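Visitor: Could you walk me through this model? I'd like to start with the loops and then look at the sheet.

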Amino acid sequence: VYIESVDRKTFVYTKNDCFETKLRLYETEEQLCQSGFSRVSKSCLVQLKFIRSLKAELNRKLRLTLENGEQIIVSRQYADELKTRLGVK
C-alpha cells in the first residue's frame, strides 16, 4: 500500500502487515517506479491504486486517504507530479 522511511529504516506497509526492508527508500523507489508507486514526500512512496481520496491542504500540500484508512500528507514538492499521474491536473 505504501512504503515509509523512519529513523533510517524503511518499512513496507501491505493491506494486513508491516515489514522492514534493508533497502533504502530511493533504492525501493527505483525498483517500484514502474509498478504504480509514486513518491509523495521525502520519506514516503504510495501505491497509486490504493488511493481512495485526495484533499487539498494549506500551502499546496495534499492529504491522501488510502484504502486502509491511513492518511498521508503529500509535500508541495511532489503534489503536482502526483496530480498529473492521477490525471486530476
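**Loops, sheet and contacts**

Guide: Arg8 is exposed, with a relative accessible area of 76%, where exposed stands for over 50%, buried for under 20% and partly exposed for what lies in between, with a 1.4 Å probe and protein chains only. This is a predicted model, in which local features need pLDDT of at least 70 and side-chain atom pairs count only at pLDDT 80 or more, whereas totals for chains, interfaces and linings use all residues. Residues are numbered from 1 along each chain as its sequence is written, and side-chain values use heavy atoms, with hydrogens and water left out.

Visitor: Where does Arg8 sit, and what is its phi?

Guide: Arg8 belongs to the loop between strand 1 and strand 2, strands here being DSSP runs of E with at least two residues and helices runs of H or I with at least four, numbered from the N terminus. The phi of Arg8 is near 65°, a positive value in a residue other than glycine. Most residues other than glycine have a negative phi.

Visitor: And what about Asn59, buried or exposed?

Guide: Asn59 is exposed as well, at a relative accessible area of 55%, and its phi is also positive, about 60°, although Asn59 is not a glycine. The loop that holds Asn59 runs between strand 6 (51-56) and strand 7 (62-66).

Visitor: On to the sheet, then: what is the strand order?

Guide: The order is 3-2-1-5-4, in an open sheet of 5 strands with antiparallel pairing, where two strands pair if DSSP finds at least two bridges between them. Strand 3 (18-21) and strand 4 are the edge strands, each pairing on one side only. Neighbouring strands of this sheet are turned by 25° against each other on average, direction ignored; the axes are lines fitted to C-alpha atoms, for helices over the stretch in contact, with angles from 0 to 180 degrees between N-to-C directions.

Visitor: How many bridges join strand 4 and strand 5?

Guide: Strand 4 and strand 5 (residues 44-47) pair over 4 bridges in the antiparallel sense, and within strand 5 Leu45 is the bridge partner of Arg39.

Visitor: What does Leu25 touch?

Guide: Leu25, placed in helix 1 (residues 25-32), touches several residues, including Ile3, Thr10, Arg39 and Leu45, not counting residues up to four places away in sequence; contact means heavy atoms within 4.5 Å. Leu25 and Leu45 are 20 residues apart in sequence and 8.1 Å apart in space, C-alpha to C-alpha. With 7% relative accessibility, Leu25 counts as buried.

Visitor: Back to strand 4: what does the side chain of Ser41 reach?

Guide: Ser41, in strand 4 (residues 37-41), reaches the backbone nitrogen of Cys44 with its side chain at 3.3 Å. Ser41 is buried at a relative accessible area of 12%, and it touches Ile73, Ser75 and Tyr78, leaving aside residues up to four places away in sequence.

Visitor: How many aromatic pairs turn up?

Guide: The search of the whole structure finds 1 aromatic pair. The ring centres of Tyr2 and Tyr13 are 4.4 Å apart and the planes at 10°, so the pair is stacked; rings of Phe, Tyr and Trp (its six-membered ring) pair if their centres lie within 6.5 Å, with planes under 30 degrees apart counted as stacked, over 60 as edge-to-face and the rest as tilted. Because Tyr2 lies in strand 1 (residues 2-6) and Tyr13 in strand 2 (residues 9-13), the pair ties together parts that are 11 residues apart in sequence. Tyr2 is buried at 5% relative accessibility, whereas Tyr13, at 21%, is partly exposed.

Notes: Polar contact = N/O pair within 3.5 Å; in protein donor to acceptor, adjacent residues only side chain to side chain.
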